[in-house]
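Dear colleague,

I am handing over the structure we spoke about, and below it I have set out what was found. Please keep it open beside you as you read.

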Amino acid sequence: MIGKLLTSLIRQLNKDFQLSGVDCCISEEASPQEIAHELERNLEKLIRDDFRGFLNVLYRVDVKESDLQRSEEQGMDEFINAAAYQLLKREWQKVWLRSKIR
């Protein structure tokens, strides 16, 4: 069951990135750690090179801006980690709920 949900999570991530106009492809065989690392790497690249793309992904996934308030003490790595966490959390909610409805 978890393996099936994990694959659905990866597919949902790839779909939402693509629908946001952002090139991101996470392998369906990726481990949870690889998913998190790849997502953080892609978010960092977006923040650095295409901030509008970053915002589009957050909007598409439905991550609330209030969940990503950055404090002055928080470094960029911490912000990216928090953004990845919020994005994965929201995508997991979608995938899990969909699995319960079907």
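Which residues in helix 3 (residues 51–61) are buried? Before the answer, please note that this is a predicted model, in which local features need pLDDT of at least 70 and side-chain atom pairs count only at pLDDT 80 or more, while totals for chains, interfaces and linings use all residues. Residues are numbered from 1 along each chain as its sequence is written, and side-chain values use heavy atoms, with hydrogens and water left out.

The buried residues of helix 3 are Gly53, Phe54, Val57, Leu58 and Val61, where buried means under 20% relative accessible area, exposed means over 50%, and partly exposed lies in between (1.4 Å probe, protein chains only). These residues lie on the same side of helix 3 because they cover an arc of only 140° around the axis, the arc being that of the directions from the helix axis to the C-beta atoms. Arg52 and Tyr59, on the other side of helix 3, are exposed. Helices here are DSSP runs (H or I, at least four residues), numbered from the N terminus. After helix 3 comes aspartate 62, which has a positive phi, near 80°.

The next topic is the aromatic rings. A pair of aromatic rings is described by the distance of the centres and the angle of the planes. Rings of Phe, Tyr and Trp (its six-membered ring) pair if their centres lie within 6.5 Å, and planes under 30 degrees apart count as stacked, over 60 as edge-to-face and the rest as tilted. By this rule there are 2 aromatic pairs. Phenylalanine 51 and phenylalanine 54 have ring centres 5.5 Å apart and planes at 35°, so this pair is tilted; both residues lie in helix 3, 3 residues apart, which is about one turn of the helix. Phenylalanine 51 counts as partly exposed, at 44% relative accessibility, whereas phenylalanine 54 counts as buried, at 1%. The rings of phenylalanine 54 and phenylalanine 79 have centres 6.2 Å apart and planes at 55°, so that pair is tilted. Because phenylalanine 54 lies in helix 3 and phenylalanine 79 in helix 4 (residues 76–101), the pair ties together parts that are 25 residues apart in sequence.

Lastly, glutamate 91 has its place in helix 4 and is buried, with a relative accessible area of 0%. Leaving aside residues up to four places away in sequence, glutamate 91 touches Leu9, Gln12, Leu13, Asp16 and Val61, where contact means heavy atoms within 4.5 Å.

Methods. Helices (H or I, at least four residues) and strands (E, at least two) are DSSP runs, numbered from the N terminus.
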